[in-house]
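Open the model in your viewer and keep the selection panel at hand.

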Amino acid sequence: MITQVILNALVQSAILMIMALGLTLIFGVMKIPNLTHGAMYAIGAFIHYSLIEWFEVPFVPALFFAALLTFGGGAILERVFFRKGGGSPVVAIIAGIGLTYVIVNVITNVWGAWPLRIQTPFRHVVRIGSGAISSHNIVTFTVAISIAALLYALLKWTKFGCAIRAVSQDREEASLIGVNVNTVGLVTFAAGTMLASIGGMFAAPITAASPTMGGTAELMGFAIIILGGMGSLGGAIIGAFLLGFVDVFVTSYISGGWGGAVAFVFMIVVILIRPSGLFGKKGRQI
Amino acid sequence: MDFMLDLLKKKSTYVFLAATIFVVVVPHFSSPYVLRLMITMASGIIAAMCLNVVLGYMGYPSLCQNVFYAVGAYTMALATLRLGVSPWTALILSPIVTFIIGYLAAIPFLKLRSMFFAIGTLAFTGVVSAILVNLPKITGADAGLRGIPRLVKNDINFFYLEIALILVILVLTVLMSRSFWGKILIAIREDEDLAPHFGINTTRYKRMTFAATSALTGMAGAIFFSYQTYISSNYFTIGSSFTALAVAVVGGGGTALGPIFGGLVVVGAPEVFRGMTAGMTLWRPSFVGAVLVLVILLSPGGVVGISQKLMGYLKKRGAN
C-alpha cells in the first residue's frame with residue numbers, strides 16, 4: 001500500500017506544483033493574489049476536451065493548442081481587468097471573484113455541469129513493486145519537472161527572465177532602468193494562467209473535468225505558495241510536494257474528507273512559526 | 001426650535017426618515033418572498049458591517065467572516081437542540097462563544113499582513129468547512145439540523161430584530177470611528193510598524209476589534225438560522241466566504257453606511273436579474289460576476305464612491 005500511496009502523492013504533488021508555479025510567478029511580479037487561477041485551471045481542461053472531442057485533434061497537439069489559447073486568455077484578463085486594479089490586493093480579490101463567477105458560469109452553460117472524462121492516449125500501466133502507475137501519471141510527473149526546470153532556466157538565463165526577476169524585486173527601480181513593466185506583467189500573468197490550465201489539462205484525465213474543479217485546487221495552490229514563501233519558485237516546488245504528500249497520506253490512511261483540512265492546518269502551523277513562509281525573504285522574490 | 005430647523009434643512013434627515021419609513025412600512029406590504037429576501041439581505045449586511053470595521057478601519061481583508069457566522073449559527077442550533085436551552089439564552093450564548101473563537105483565531109492570523117492575511121483566513125474557512133462536513137454526528141453535515149426553535153414567531157419581527165442589530169452596529173461603528181479606538185485602528189491601517197512607536201499596543205487593539213466584530217457576526221448567524229429553523233454545512237462553503245468581503249468592498253470600504261449599499265447591490269442584484277432575465281436564468285451568475293467586476297474596477301471606492309463622484313459632478317454642472 002505504501003508504494004501506491006507514495007506514487008499517488010508524487011502525481012498529485014506534480015499537478016499542484018504546475019499550478020502553484022503559475023500562482024507564485026503572478027504574485028511575484030504583480031503582487032496580487034490571482035483568484036481566477038482555479039477558473040483557468042478548469043477552463044484549460046474544458047478547452048482541451050473540446051479540441052479532442054469536437055475538432056478531433058490528437059491529445060498532445062491539443063494540449064499545446066489549448067495552452068496557447070489560455071495564454072491569450074490570460075493576457076486579455078491582465079490587460080482588461082487586473083492592470084486597472086493598480087496593484088491593490090483587495091481590488092484584485094473582488095475582481096477575481098467576479099471573473100470566477102463569470103468563467104465558471106460560462107463553462108457550466110457551454111459544457112454542462114456534469115463531470116467529463118478526457119480519454120488519455122497514455123493508458124499503459126507500469127508496475128513498481130507492489131504499486132501500479134499509469135503512463136499518463138508518469139508523463140504528468142515528467143512534464144511537471146520539465147516545466148519547473150524550463151521556468152528556472154528561462155528566468156535565470158534569458159534577458160526577459162532577468163526583467164521578470166527585476167520587476168519582482170522592485171517595480172519602480174526596474175522601470176527606471178528601462179524595463180517595460182507593463183509588458184512584463186502581461187507576459188507573466190499570461191504565462192501563469194497558462195501553467196494553471198496545463199495543470200487542469202493533466203488533472204482532468206485523472207479526476208474528470210467539472211466546472212468547479214478549480215476551487216479546491218486554487219485553495220491548495222494558495223496554501224502551497226504561502227507555505228513556500230509567496231513569490232519564491234523553489235518554495236512553490238517544495239511546498240507542493242509537502243502539501244501534496246500530507247493531502248494524499250491523510251486521504252489514504254485516515255479519511256477522504258480530511259486531506260485538504262489537514263494540509264491547511266499544516267500550512268497554518270508553518271506560517272505561525274515563519275510568517276514569511278519557508279523560503280520567503282523580504283526584497284528577494286523569484 | 002433652531003435645532004429642529006437645522007435638522008429640517010439637512011438632507012440626511014430626510015434620507016434617514018425615508019429609510020425609517022421604508023423599514024417600518026414595507027415589510028407589512030411585501031410578499032413572503034420579498035420579506036425573505038430582505039431578511040437574508042439584512043443578515044448579509046450585518047456580516048459585512050462587521051467585516052467593514054476589520055477591513056475598512058484596520059486594513060485587514062478577512063475572508064473568514066462566514067466562519068464566525070457559522071459558529072454563531074451552530075451555537076444557536078446545538079445549544080437549543082442538544083442542550084435544550086431556550087432560544088433567547090442561546091442568542092446571548094452565541095456571541096460569547098464566537099468572541100472566544102474569534103479571539104483565538106486572531107492570535108495566529110493577525111500576525112499576517114494584507115493578502116497573506118486574506119489567504120490565511122481563507123484557509124481557515126477551508127478547515128472549518130471541512131470540520132462541518134466531516135463531523136456529521138455533531139453538525140449534521142450536508143443533511144443538516146432541522147427544527148431550530150424560532151426566537152420570535154412572526155417573520156416581520158425577525159426583520160426588525162436584524163434592523164435593530166444593524167442600528168446597534170451602525171451606532172457602535174460611528175462612535176468607534178470618532179473615539180480613540182478608531183484613531184488607533186486607522187493608525188494601524190496607515191502604518192502598522194509606526195503605530196507602536198507612539199506607545200500603542202497594536203496587538204491588543206487588533207485582537208479585541210477582530211473578536212468583537214466576530215461576536216456580532218455570530219449573533220447575526222444565530223438570528224438568521226433561528227429564522228430559517230434549518231442549518232446545514234452547505235451554507236458555509238469556501239465560496240460563500242467571499243460574499244461578505246464583496247458586500248463590504250462593493251459598498252465602499254471604511255464608510256459606516258457602505259455595507260448597506262453593498263448588501264443592496266451584491267445580494268439584491270441576483271434577484272433583480274432573476275426578474276429581468278426570465279429566459280436567461282442560466283446566465284445569472286455571470287451577471288452577478290460582471291456587476292462585481294464593473295463596480296470594483298470603475299470605482300475602487302465602491303457604490304458610495306460612485307455616488308459621491310456623481311454628486312460632485314452634478315454640483316459642478318449646477319454651479320456652471
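**Stop 1: a helix pair in chain A**

Helix 3 of chain A and helix 8 of chain A cross in a right-handed sense. The model is a predicted one. To display the pair, select residues 59-82 of chain A for helix 3 and residues 181-207 of chain A for helix 8. The angle at which they pack is about 135 degrees, and their axes are 7 Å apart.

Next, show the residues of the contact. On helix 3 of chain A, they include Leu63(A), Ala67(A), Phe71(A), Gly74(A), Glu78(A) and Phe82(A). On helix 8 of chain A, select among others Gly185(A), Phe189(A), Gly192(A), Met194(A), Ile198(A) and Met201(A).

**Stop 2: chain B as a whole**

Hide chain A and select chain B. In a cartoon view, its secondary structure consists of 15 helices and 2 strands. The C-alpha trace of chain B spans about 70 × 55 × 50 Å along its principal axes. Its radius of gyration is 20 Å, which agrees with the value near 20 Å for a compact globule of 320 residues.

Now colour chain B by burial: 48% of its 320 residues count as buried. Finally, draw the contacts in chain B with a separation of 6 or more; residues 24 or more positions apart account for 77% of them.

Conventions. Residues are numbered from 1 along each chain as its sequence is written. Chains are lettered from A and ligands numbered from 1 in the order in which they are written. This is a predicted model: local features need pLDDT of at least 70, side-chain atom pairs count only at pLDDT 80 or more; totals for chains, interfaces and linings use all residues. Axes are lines fitted to C-alpha atoms, for helices over the stretch in contact, and angles run from 0 to 180 degrees between N-to-C directions. Helices (H or I, at least four residues) and strands (E, at least two) are DSSP runs, numbered from the N terminus. A crossing is left-handed if the near helix is turned anticlockwise from the far one by less than a right angle, and right-handed if clockwise. Two residues are in contact if their C-beta atoms, placed from the backbone, lie within 7 Å. The radius of gyration is taken over C-alpha atoms; the globule rule is 2.2 Å times the number of residues to the power 0.38. A residue is buried if 20 or more other C-beta atoms lie within 10 Å of its own, exposed if 12 or fewer, and partly exposed in between; C-beta atoms are placed from the backbone.
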